[in-house]
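Here is a short briefing on one protein model. Look at the structure first, then read the points below.

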Amino acid sequence: MFTTKKHVKRLSVVLVLLFILTNTIAFAQSFKDVPSNHWAKDYIDKVSKAGIITGDGAGNFKPSDNVSKVQAAIMMARMMGIDATKTAQARQAHQTFLNQQNIPTWAQDGIAVALAAGIVSEAEVKGFYLNGKEAVAQRVEIARWLTKAMGLEEEAKKLTIIRLTFKDVDFISVEDQKYVYMMINKGIIDAKGDAQGRFNPASPITRDAMAKMLSIGYDYMVANLLLNRPFDISNSGIEVKTQTITGTISSILRAPDELYITVEDKIGNRTTYIVNGKTKVTLDDKEIDYKLLIEGLKFEAEITEDRKVVSFSAEGINEEYEGRIRSVVQSNPQMLSIEYKPEKDSKTTERKSFYLDSNVDIFLNGEEVFFRQLSEGDTVQIKVRNSKITEIKAKSKYLEISGTIKDIKLTSNDYSLVVQDEGKEVFEYPIDKNVSIYRNKSKAKVIDLRKGDDVTIEIEDGVITDITAKIVKKEGEGSIVSILQANKPEITIINNKGEKETYYLALGATVRLDRERAELYDLKVGYYVDFTAEGDEIVSIYALTRQRNQIIIGTISSITTKHGIITVTVDNAEDSINAEKTIVYTSDTAVMDLYGATVRESALDVGDQVIVIGNYSDTFIEAESIIIPYEK
């Protein structure tokens with residue numbers, strides 16, 4: 001027959017438990033103030049028999065009294081079942097501190113064990129007494145200390161998702177929420193809180209409620225063989241000489257239970273320090289798991305003579321990258337890998353992978369999206385803090401946009417197309433040299449496209465590869481106000497609404513004057529025209545020398561507001577008879593600027609230049625529109 005280490009461990013724990021029970025059974029008693037129907041009687045009896053909580057020496061338990069911080073620390077130390085040898089070692093290690101704080105002799109063993117086991121800190125012990133009296137323990141402190149006494153601190157610190165439903169959850173610190181959650185998880189604290197749904201973190205806790213919590217905690221420790229567990233006496237509360245250093249982490253070697261961080265000074269000397277679970281690590285003033293440290297962090301640290309890091313404080317690293325997505329890992333933890341140029345003019349690329357921050361903002365083509373909507377090949381700009389992505393702005397590798405051509409930019413080196421979609425958003429993309437273009441289902445070239453065409457463009461890697469355009473025909477009428485004779489002639493027309501429209505005259509366009517074939521030079525300002533346009537080009541125009549609408553361009557020489565009459569001196573009149581025109585306007589007359597914005601009639605003044613569109617009526621012109629061709 002043989003015995004394994006596991007059997008020896010279990011046997012030793014059982015023997016210790018028997019030792020504790022046999023040595024504390026004498027303390028078990030029935031308290032005079034705990035009747036048989038008291039809600040916590042079974043819990044009180046259990047912790048009393050285990051020697052965790054004792055009475056007042058007169059047979060009373062005092063279940064409604066509040067628990068002090070001193071009492072709580074001692075109760076939890078007893079719950080741990082630490083043997084006499086370890087207790088003596090803890091007392092010796094912390095004796096000087098306990099004396100300095102005037103801790104009474106009867107309490108020193110329990111508080112020494114609590115310090116050595118990491119249940120409480122020296123800073124917390126300094127607050128055990130206020131004005132010579134024992135300070136009352138708060139509910140949140142009990143949750144924190146009991147979590148540590150039960151050996152659950154590391155598990156609590158690793159929690160990333162915490163959901164507490166208490167109405168006063170905002171009054172519990174983020175760090176303490178982990179301890180409270182852990183106690184709920186182990187059945188020690190009710191997740192619903194009190195009758196009002198509150199946890200009351202700063203409220204005291206009574207002895208009967210404390211008995212219940214310790215009883216459940218004790219059962220957990222027995223079941224998980226945690227009684228009389230070892231603790232590090234050498235590093236528990238003993239004052240250790242430290243020095244402060246600053247630097248930047250140049251490399252990290254990760255071992256199972258600790259990190260070896262290397263710091264390089266300005267002349268190349270390297271020094272390595274040890275960081276582990278006992279190191280207090282803060283990043284951007286928030287306590288984090290030491291395993292989250294990364295290379296490149298600038299820090300300040302307290303270190304011991306044997307190069308162990310006691311505390312470590314660092315500021316986060318902000319980085320930005322621009323490149324192309326190479327992989328998207330959807331499983332937890334989510335990860336994004338990109339390919340980028342380390343320098344703007346680099347001919348080579350590098351790859352790098354990052355985890356996503358829990359609060360990352362993700363945008364694709366300007367819209368907020370889910371991480372799963374990103375694809376390999378998408379171009380991306382990312383912001384990274386402490387090796388975690390906080391923002392992603394991506395553009396799809398393949399994109400399709402439908403809208404109207406607003407401009408076609410042709411230079412000696414590059415072509416680009418400006419398109420406005422239905423939502424009035426304007427996009428401009430360069431055109432690939434091998435672009436495929438179809439206009440009205442026929443193969444076409446870039447020069448065949450026209451402003452105003454309906455278009456669908458396909459984009460790959462930010463460049464237009466396919467264009468499908470459709471001619472948009474428009475029928476219109478109005479009066480010619482200007483003609484520009486050039487390589488690509490332009491005609492400007494004012495319609496009956498007073499709106500100004502400018503078109504190119506298409507090559508080979510049909511031009512007729514009084515139903516006869518004509519040329520562009522046969523057309524004159526003031527002629528009334530019907531026209532057909534395709535995009536921004538007139539393909540046919542029919543003009544009448546007999547003007548349907550009279551257009552007068554000149555300067556106001558007089559105004560009779562009462563009768564709605566103005567006199568206009570016509571610009572470039574051929575004779576004195578036609579030099580002045582009488583214009584009658586009514587409430588139906590549109591008075592506007594050249595861009596169509598309404599102008600008040602009262603704003604008209606002698607000396608104003610105007611364009612009047614109207615109809616002859618014997619001796620005067622009845623104005624339909626009066627246009628002021630400049631800002632009034």
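Helices (H or I, at least four residues) and strands (E, at least two) are DSSP runs, numbered from the N terminus. This is a predicted model: local features need pLDDT of at least 70, side-chain atom pairs count only at pLDDT 80 or more, and totals for chains, interfaces and linings use all residues. Residues are numbered from 1 along each chain as its sequence is written, and side-chain values use heavy atoms, with hydrogens and water left out.

- Most residues other than glycine have a negative phi, and most peptide bonds are trans.
- K441 is not a glycine, yet its phi is positive, near 70°.
- K441 sits in the loop between β18 (426-439) and β19 (442-443).
- K441 is exposed, at 82% relative accessibility. Exposed means over 50% relative accessible area, buried means under 20%, and partly exposed lies in between (1.4 Å probe, protein chains only).
- N365 is another residue other than glycine with a positive phi, here about 55°.
- The loop between β12 (350-364) and β13 (367-368) holds N365.
- N365 is partly exposed, because its relative accessible area is 34%.
- The peptide bond from N332 to P333 is cis, and its omega is near 0°.
- P333 belongs to the loop between β10 (318-329) and β11 (335-340).

**Helix α7**

- Helix α7 spans residues 139-149 and is mostly covered, with ten of its eleven residues buried.
- Among the buried residues of α7 are V140, I142, W145 and L146. E141, R144 and K148 are also on the buried list.

**Residue N276**

- N276 lies in strand β5, which covers residues 270-276.
- Is N276 buried or exposed? N276 is buried, because its relative accessible area is 18%.
- N276 is in contact (heavy atoms within 4.5 Å) with D257, E258 and Y290, leaving aside neighbours within four places in sequence.
- A polar atom of the N276 side chain lies 3.0 Å from the backbone nitrogen of K278.
- A polar contact is a pair of N or O atoms within 3.5 Å; within protein, one must be able to donate a hydrogen and the other to accept it, and residues adjacent in sequence count only if both atoms are side-chain atoms.
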